[in-house]
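Subject: Structure for your review

Dear colleague,

Please find below the structure that I am handing over to you. My notes on it come after the display.

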Amino acid sequence: MSFVEYAEFIQEGDVAIIFMGHDSMFPVKVQQGAQTQTRYGVIRHSTDLIGRRFGSKVTCSKGGWVYVLHPTPELWTLNLPHRTQILYTTDIANITMMLELKPGSVVCESGTGSGSLSHAILRTIAPSGHLYTVEFHQQRAEKAIEEFREHKVDHLVTVLNQDVCKDGFGVMGVADAVFLDIPSPWEAIGHAKSAIKKQGGRLCSFSPCIEQVQRTCAALAEQGFGEICTLEVLLRVYDVRSVSLALPDFGPEDTLQTGLHVPGEEGTPAAPGANATVTCRTAMPPREMAGHTGYLTFATKSLV
Amino acid sequence: MANNMDDGIDAQCIIKEGDCVVMKRGDIFKAAQIQKKRKVIFEKQWLFLDNTIGELYGTTFEIASGGTLQPRKPKHTESSTEVKKAGTDNRNIVDDGRSQKLTRDDIETLKEQGLKGQEIVQQLIENSTTFTDKTEFAQEKYIKKKKKKYENTVMILKPSTRILAQMYHGREPGKICYLRYDSLAQMLTLANIHAGSKVIVFETCAGLVLGAVMERMGGHGSVIQMYPGGGPVRAGMESFGFPEHFHQTLHDFPLCKVQDLLGGRLSQDAPETDEAAPPKPEQQSPEAENMDTVPEAGRETEERDKRREDKAQERKTKMEEKRKKLLAAAALLEPRNADGLVIASRFHPCPVLLGLLKFMAPSRPFVVYCQYREPLIECYTKLREQGGAINLRLAETWLRHYQVLPNRTHPVLLMSGGGGYLLSGTTVLTSPAQPATGPAHRAEEPSPKRIKLQETDD
């Protein structure tokens with residue numbers, strides 16, 4: 001198992017995702033002899049996980065069962081230990097495409113945070129790209145190094161423990177893309193510019209506040225970046241379910257023409273009189289949803 | 001400017017003859033290929049791309065008379081029109097249509113004199129009686145508007161998913177099933193497209209989705225394009241201008257042979273007959289018929305026969321090649337261990353998804369795009385009944401652009417009303433012990449409320 005290469009079978013040392021139901025999953029480190037306690041009972045790694053196929057159903061000691069999944073950056077984003085606020089898949093997807101990341105890309109990122117975006121970047125730039133990720137918090141930087149090693153992506157990444165606004169990315173003229181998720185991105189635009197390849201590259205800054213965006217855009221324009229563009233993306237998840245709707249009773253009709261013609265494919269024939277209902281399959285938006293994550297500002301540095 | 005070969009600049013960043021490029025002006029994009037002495041239409045203008053050769057990608061060119069391009073001096077933008085005087089509000093500005101002293105003809109004359117866009121804008125400002133009364137912001141807006149109208153420039157870009165997805169969405173959304181670029185971005189990420197995997201793509205989006213997947217695979221691994229009808233559509237993918245080795249990772253398989261493949265009937269199939277061959281545009285017309293009209297005997301006839309034989313042989317070889325390719329694609333599908341599945345089509349997604357899921361390995365992501373929500377509701381329901389997939393999610397994304405200017409930051413006035421719907425999920429093994437049966441599977445995903453779990457490693 002690696003975060004950049006699929007494996008068929010679960011092995012000692014792997015990270016596996018235990019899936020218990022929608023929105024309920026957690027990662028485990030697979031170790032010979034280890035046990036994991038769940039609501040449905042114990043999972044014994046040696047017998048229940050090692051050597052089994054990813055995607056298998058595993059029966060726990062109390063008779064309940066779970067699925068064991070191969071980790072992906074997207075599942076990791078949902079399960080990783082939060083050391084900071086993290087970027088979620090909706091934003092990550094747009095960042096990846098708008099930064100034009102692909103295998104072989106060299107990327108600079110700051111801050112590393114909990115490594116949610118880092119894993120997604122590494123997946124996309126493997127097998128020949130490289131990520132330079134800068135984190136000013138020492139423990140977070142160390143933890144990130146450890147995780148990258150466990151996830152077998154450490155050969156693709158360099159973690160630097162320094163302040164990007166003061167010290168930059170530690171590299172010059174190598175990056176195809178730079179990503180900034182820091183409180184004052186405008187202070188790092190100069191460093192970002194010098195980290196980008198001479199022939200040019202892309203930049204993205206993620207900021208929750210519009211004031212940050214304004215200062216960043218001003219700094220980008222001043223440093224000669226082009227194609228400056230700010231956008232916001234939100235995810236609207238739908239809950240698929242059947243709903244039943246009551247039919248009104250207008251009292252008995254005079255003519256032979258009885259029974260309303262009820263639209264809807266799963267419509268149960270309307271029983272005449274009271275308590276008649278029709279059910280239909282629909283998709284409902286949640287009562288509450290994330291209404292804001294951050295603004296994404298993109299720009300291009302070109303030589304010309 | 002053509003001395004770019006020095007100091008560590010990638011040769012890939014220099015525009016070469018034969019390159020696939022994208023022309024850009026404002027928010028308008030158009031794909032083209034660099035060919036010498038070849039007229040290209042962009043925004044109702046004829047132009048020749050000859051002079052872009054040797055320049056860097058990202059260069060902006062002025063369109064000179066006769067449609068030739070000249071690289072714009074980089075300093076040009078900064079020396080933009082300086083403004084000294086400005087009003088405080090618009091109380092004294094009356095829209096009587098008389099504020100501009102230059103007439104339509106005057107402007108045409110200026111153009112004929114060979115004045116550049118920038119200079120024409122300057123003339124317009126000087127001849128506007130109300131310009132100095134406008135507020136600073138209004139002046140900026142005026143200049144921006146006039147520049148857009150009179151500045152005759154085009155930027156040449158290297159194609160990428162970002163650019164082509166925006167181009168298709170802006171120009172011909174119908175051709176890509178109204179797939180908005182942020183939805184495409186979600187698909188690539190949700191399907192975990194990456195180098196070295198085996199991905200099945202079924203799309204009727206002009207080949208854009210296929211190209212996007214191939215870009216993310218970087219020529220490593222394999223892509224199997226499932227196609228409906230006579231042959232795979234790839235125009236969008238070809239606009240990416242991928243290097244040759246990318247094409248070697250691309251396979252295609254006709255949807256109409258999926259049942260044969262699943263039933264193990266494919267290998268016994270007789271070699272395909274002519275009629276099944278898709279009419280490919282690059283194929284020559286089968287026979288040189290006009291030969292028959294030449295009334296010459298003997299040698300001529302022999303030659304004709306020989307030629308016909310050669311043609312037949314050639315066709316046979318082609319057929320054999322085609323068959324080999326089909327079998328190669330079948331060999332990739334047969335082990336049923338694909339790592340990803342991406343669907344974006346005008347077909348009903350339900351049968352497509354249920355049919356193609358059979359070729360996937362367990363614990364792998366899939367994603368289906370549909371312009372409409374209801375077919376995906378049906379997909380969701382069927383999958384829940386049938387099992388074999390978990391982590392199902394029906395969603396759409398909402399995209400909004402912003403104008404960011406000092407003291408004038410706000411959302412852009414127009415936004416896209418919808419970018420389509422996505423159903424994503426993860427495959428799992430259906431254990432042979434308990435075959436999939438209808439209602440019992442309702443309980444497959446226990447209600448989240450009931451679960452409280454602790455993890456203890458020791």
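The notes cover conventions, the interface, helix packing and backbone geometry.

The model is predicted, with local features needing pLDDT of at least 70 and side-chain atom pairs counting only at pLDDT 80 or more, while totals for chains, interfaces and linings use all residues. Residues are numbered from 1 along each chain as its sequence is written, chains are lettered from A and ligands numbered from 1 in the order in which they are written, and side-chain values use heavy atoms, leaving out hydrogens and water.

Interface of chains A and B

The size of an interface is often given as the accessible area lost when the parts come together. Here chain B and chain A bury about 6700 Å² between them, and 58% of this area is on carbon and sulfur atoms. Buried area is the accessible area (1.4 Å probe) that two parts lose on being put together, summed over both. In terms of contact (heavy atoms within 4.5 Å), 78 residues of chain B touch 78 residues of chain A.

A salt bridge is taken as a side-chain nitrogen of Lys or Arg within 4 Å of a carboxyl oxygen of Asp or Glu. The whole structure has 26 salt bridges over all chains, and three are found across the interface of chain B and chain A. One salt bridge joins the side chains of Arg162(B) and Glu100(A), at 2.8 Å from N to O. This pair runs between chains, from helix α4 of chain B to the loop between α3 and β7 of chain A. Another salt bridge is formed by the side chains of Lys24(B) and Glu227(A), at 3.4 Å from N to O.

Helix packing

Helices (H or I, at least four residues) and strands (E, at least two) are DSSP runs, numbered from the N terminus. Axes are lines fitted to C-alpha atoms, for helices over the stretch in contact, and angles run from 0 to 180 degrees between N-to-C directions. Angles under 35 degrees count as roughly parallel, over 145 as roughly antiparallel, 65 to 115 as roughly perpendicular and the rest as oblique. A crossing is right-handed if the near helix is turned clockwise from the far one by less than a right angle, and left-handed if anticlockwise. For residue classes, Ala, Val, Leu, Ile, Met, Phe, Trp, Tyr, Cys and Pro are nonpolar, Asp, Glu, Lys and Arg are charged, and the others, Gly among them, are polar.

In chain A, helix α3 (residues 89–98) packs against helix α4 (residues 116–125) at an angle of about 40°, with the axes 10 Å apart. α3(A) is therefore oblique to α4(A). Their crossing is right-handed. α3(A) contributes Ile92(A), Ile95(A) and Thr96(A) to the contact, and α4(A) contributes Ser116(A), Leu117(A), Ala120(A) and Thr124(A). By class these are four nonpolar, three polar and no charged residues.

In chain B, helix α2 (residues 117–126) and helix α3 (residues 136–150) pack at about 135°, with their axes 9 Å apart. α2(B) is therefore oblique to α3(B). The crossing of α2(B) and α3(B) is right-handed. Residues in this contact include Val121(B) and Leu124(B) of α2(B) and Tyr142(B) and Lys146(B) of α3(B). The contact has seven nonpolar, two polar and two charged residues.

Backbone geometry

Most residues other than glycine have a negative phi, and most peptide bonds are trans. The peptide bond from Ser110(A) to Gly111(A) is cis, with omega near -10°, and Gly111(A) sits in the loop between β7 (106–110) and α4 of chain A. Ala126(A) and Pro127(A) are also joined by a cis peptide bond, with omega about 5°. Pro127(A) belongs to the loop between α4 and β8 (130–134) of chain A. Arg336(B), a residue other than glycine, has a positive phi near 55° and lies in the loop between α10 (299–333) and β11 (340–344) of chain B.

Yours sincerely
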